[in-house]
Amino acid sequence: MNDERTTDLLHELNNMDDKPESFQAFMEKHSSAQTFHTLSDYLNYYISRNPDLHIADVIKRSNTDKNYSYQIFNGRKKHPDKYKLVPLCIAMKMSVKETNRALFLADQPALAPTETLDAALIICINHEYADMISVNEFLAANGLPPL
């Protein structure tokens with residue numbers, strides 16, 4: 001599978017125009033292949049790729065402690081608690097896949113649909129809830145504790 005993907009990428013690179021814009025377009029198209037070594041790199045890259053997102057607004061919508069959140073973004077908090085990171089991911093409008101990638105980088109377990117709370121969070125993410133007030137209302141309506 002990886003050999004096939006590599007061959008496809010090389011073929012695409014070899015058939016590009018020699019214009020710098022072509023290479024930039026290629027990199028943007030394949031940015032999901034970007035390797036991140038730290039959670040803060042991943043989150044800050046995600047913010048930079050979404051100009052409508054601002055860290056202060058994300059923290060406000062996530063309803064998380066401001067200092068704790070900034071420590072996550074600046075890399076001082078490398079392994080935040082799973083249920084402190086997920087609200088930030090929700091406030092950043094990340095997909096389940098993107099949220100699980102953030103959790104992986106934080107050395108936390110992925111959202112598991114077999115866990116009741118995680119399943120509820122997956123539903124909220126898939127329904128594109130963008131703030132923790134809405135998420136906590138959904139959790140309460142389903143007999144689950146708020147985050």
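Which helices do the buried residues of α9 pack against? Hi everyone, let's work through that one together.

A word on the source before we start. This is a predicted model, where local features need pLDDT of at least 70, side-chain atom pairs count only at pLDDT 80 or more, and totals for chains, interfaces and linings use all residues. Residues are numbered from 1 along each chain as its sequence is written, and side-chain values use heavy atoms, with hydrogens and water left out.

Back to the question: the partners are α4 (55-62), α6 (82-91) and α8 (116-126). Helices here are DSSP runs of H or I with at least four residues, numbered from the N terminus.

Now α9 itself, residues 132-141. Met132, Val135, Asn136, Phe138 and Leu139 are buried, meaning under 20% relative accessible area with a 1.4 Å probe and protein chains only; over 50% is exposed, and in between is partly exposed. Those five sit on the same side of α9 because they cover an arc of only 155° around the axis, taken from the directions from the helix axis to the C-beta atoms. As a reminder, an α-helix has 3.6 residues a turn, so residues three or four places apart point the same way. On the other side of α9 you'll find Ile133, Glu137, Ala140 and Ala141, which are exposed.

At the start of α9, a side-chain oxygen of Asp131 comes within 3.0 Å of the backbone nitrogen of Ile133. Just after the helix, Gly143 has a positive phi of about 70°.

Next, charges. How many salt bridges does the structure hold? There are 2, counting a side-chain nitrogen of Lys or Arg within 4 Å of a carboxyl oxygen of Asp or Glu. One joins Asp52 and Lys93, with the closest N and O atoms 4.0 Å apart. Asp52 is in the loop between α3 (39-49) and α4, and Lys93 is in the loop between α6 and α7 (96-105), so this pair ties together parts 41 residues apart in sequence. Asp52 is exposed at 52% relative accessibility, while Lys93 is partly exposed at 48%.

The other pairs Asp118 with Lys82, at 2.7 Å from N to O. Asp118 belongs to α8 and Lys82 to α6, so parts 36 residues apart in sequence are tied together. Are these two buried or exposed? Both Asp118 and Lys82 are buried.

Notes
Helix = DSSP H or I, 4+ residues; strand = E, 2+ residues; numbered from the N terminus. Contact = heavy atoms within 4.5 Å. Polar contact = N/O pair within 3.5 Å; in protein donor to acceptor, adjacent residues only side chain to side chain.
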